[in-house]
Amino acid sequence: MSEVRGEPGSGTEAGARFFCTAGRGLEPFLMREVRARLAATEVEYISGKVFFTTCSDLNMLKKLKSAERLFLLIKKQFPLISSVSKGKLLNEMQRLINEDPGSWLNAISIWKNLLELDAKKEKLSQRDDNQLKRKVGENEIIIAKKLKIEQMQKIEENRDCQLEKQIEEETLEQRDFTTKSENFQEEEFRNDIEKAIDTHNQKDLTFRVSCRCSGTIGKALTAQEVGRVIGIAIMKHFGWKADLRNPKLEIFIHLNDVYSVVGIPVFRVPLASRAYIKTAGLRSTIAWAMASLADIKWGTFLLAPSCPF
């Protein structure tokens with residue numbers, strides 16, 4: 001198994017390397033989905049994980065239904081040699097960081113670009129929604145005023161000049177309010193972008209390490225020992241600060257007898273968690289696999305009381 005890493009300076013335009021965790025037996029469903037939904041390339045899998053390359057943004061990545069969690073890949077390589085002494089094994093783990101720091105910095109850059117792009121799109125979407133609501137509100141106000149004018153004209157036709165003057169003044173006030181509101185939103189948008197740019201300072205980055213060890217490595221070392229060694233190596237090499245409670249960045253490491261994988265969780269909440277499911281039922285990823293096997297077409301009525309997908 002060869003190590004996979006992006007070229008230095010590459011971003012989402014050239015395609016970023018991701019991997020998803022999946023339930024045992026669901027890897028073929030996930031491989032088919034990432035090809036169809038994300039136009040993914042270089043799709044491969046190992047037990048419990050599917051690796052792929054895609055140019056999709058976070059909005060598209062969130063739509064994956066057969067995946068448990070999504071990670072941005074930093075390194076994937078052969079397993080560490082577990083037959084050596086404990087000290088040598090710990091030194092091998094440090095080489096995950098020290099041997100190729102470029103792959104780490106490249107992954108961090110892609111991760112930040114994805115988050116910043118998603119934040120900008122969300123901000124623009126909210127701005128468009130606010131403008132639409134404002135236009136609808138203005139139209140309702142105008143319609144109400146026209147009705148009022150017609151009623152007043154029937155009662156007192158001599159007040160036409162006064163009513164027109166009143167409408168002109170109120171319209172000017174609305175325009176002034178709209179202009180001030182747009183300027184305020186634009187200022188907030190610029191401030192958000194500046195804050196996102198400021199986060200590029202690597203020294204201000206906080207992190208924590210989550211480890212999973214199995215096989216002979218799991219017998220030789222605990223996850224806490226691995227996490228401590230990796231965390232110290234990261235702090236020494238990159239100058240990042242450890243924060244176990246509320247970090248900006250989480251590093252995920254899985255070591256076993258088949259492979260060594262390092263990645264960054266893209267979302268804090270697993271993809272398998274469906275916000276619209278209010279009661280517990282069949283696992284959402286399994287329900288999705290069952291539905292895909294049934295070859296359900298769009299618009300088909302489906303009765304599935306135990307399959308919340």
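The legends below describe close-up views of a predicted model. Local features are taken at pLDDT of at least 70 and side-chain atom pairs only at pLDDT 80 or more, while totals for chains, interfaces and linings use all residues. Residues are numbered from 1 along each chain as its sequence is written, and side-chain values use heavy atoms, with hydrogens and water left out.

View 1. Eight strands make up an open sheet with mixed pairing, in the order β2-β3-β1-β4-β8-β7-β5-β6. Strands are DSSP runs of E with at least two residues, helices are runs of H or I with at least four, and both are numbered from the N terminus. Two strands pair if DSSP finds at least two bridges between them. The edges are β2 (41–46) and β6 (241–242), each of which pairs on one side only. Strand β1 (residues 16–21) is antiparallel to strand β4 (residues 69–77), with four bridges between them; Phe-19 has Phe-71 in β4 as its bridge partner.

View 2. All six of the six residues of β8 (residues 260–265) are buried, so the strand is largely enclosed by the rest of the structure. Buried means under 20% relative accessible area, exposed over 50%, and partly exposed in between, with a 1.4 Å probe and protein chains only. Ser-260, Val-262 and Ile-264 point one way from β8, and Val-261, Gly-263 and Pro-265 point the other way. Strands β4 and β8 run antiparallel and are joined by six bridges, with Leu-72 opposite Ile-264. Strand β7 (residues 249–255) also pairs with β8 in the antiparallel sense, over four bridges, and a hairpin of four residues joins β7 to β8. His-254 has Val-261 in β8 as its bridge partner.

**View 3. The parallel pairs of β5.** Strand β5 (residues 206–213) pairs with β7 in the parallel sense over seven bridges. Arg-212 is bridged to His-254 in β7. Strand β5 also pairs with β6 in the parallel sense, over two bridges, and Thr-206 stands opposite Lys-241 in β6.

View 4. Helix α1 (residues 27–38) packs on helix α8 (residues 284–293) at an angle of about 75 degrees, with the axes 11 Å apart. Axes are lines fitted to C-alpha atoms, for helices over the stretch in contact, and angles run from 0 to 180 degrees between N-to-C directions. The two helices, α1 and α8, are therefore roughly perpendicular to each other (65 to 115 degrees). Phe-29, Arg-32, Glu-33 and Arg-37 in α1 meet Trp-288, Ala-289, Ser-292 and Leu-293 in α8, where contact means heavy atoms within 4.5 Å. Helix α1 also lies across β1, β2 and β3 (49–54), at about 10 degrees to β3.

View 5. The 16 residues of α7 (residues 223–238) should span 22 Å at 1.5 Å a residue, which agrees with end C-alpha atoms 22 Å apart; the expected span is 1.5 Å times one less than the number of residues. Buried residues of α7 include Val-226, Val-229, Ile-230, Ile-234 and Phe-238. His-237 lies in the helix and, at 35% relative accessibility, counts as partly exposed. Leaving aside neighbours within four places in sequence, His-237 is in contact with Ile-97, Asn-98 and Pro-101. His-237 and Ile-97 are 140 residues apart in sequence, with 7.8 Å between their C-alpha atoms. Just after α7, Gly-239 takes a positive phi of about 80 degrees.

Technical notes:
Parallel < 35°, antiparallel > 145°, perpendicular 65-115°, else oblique.
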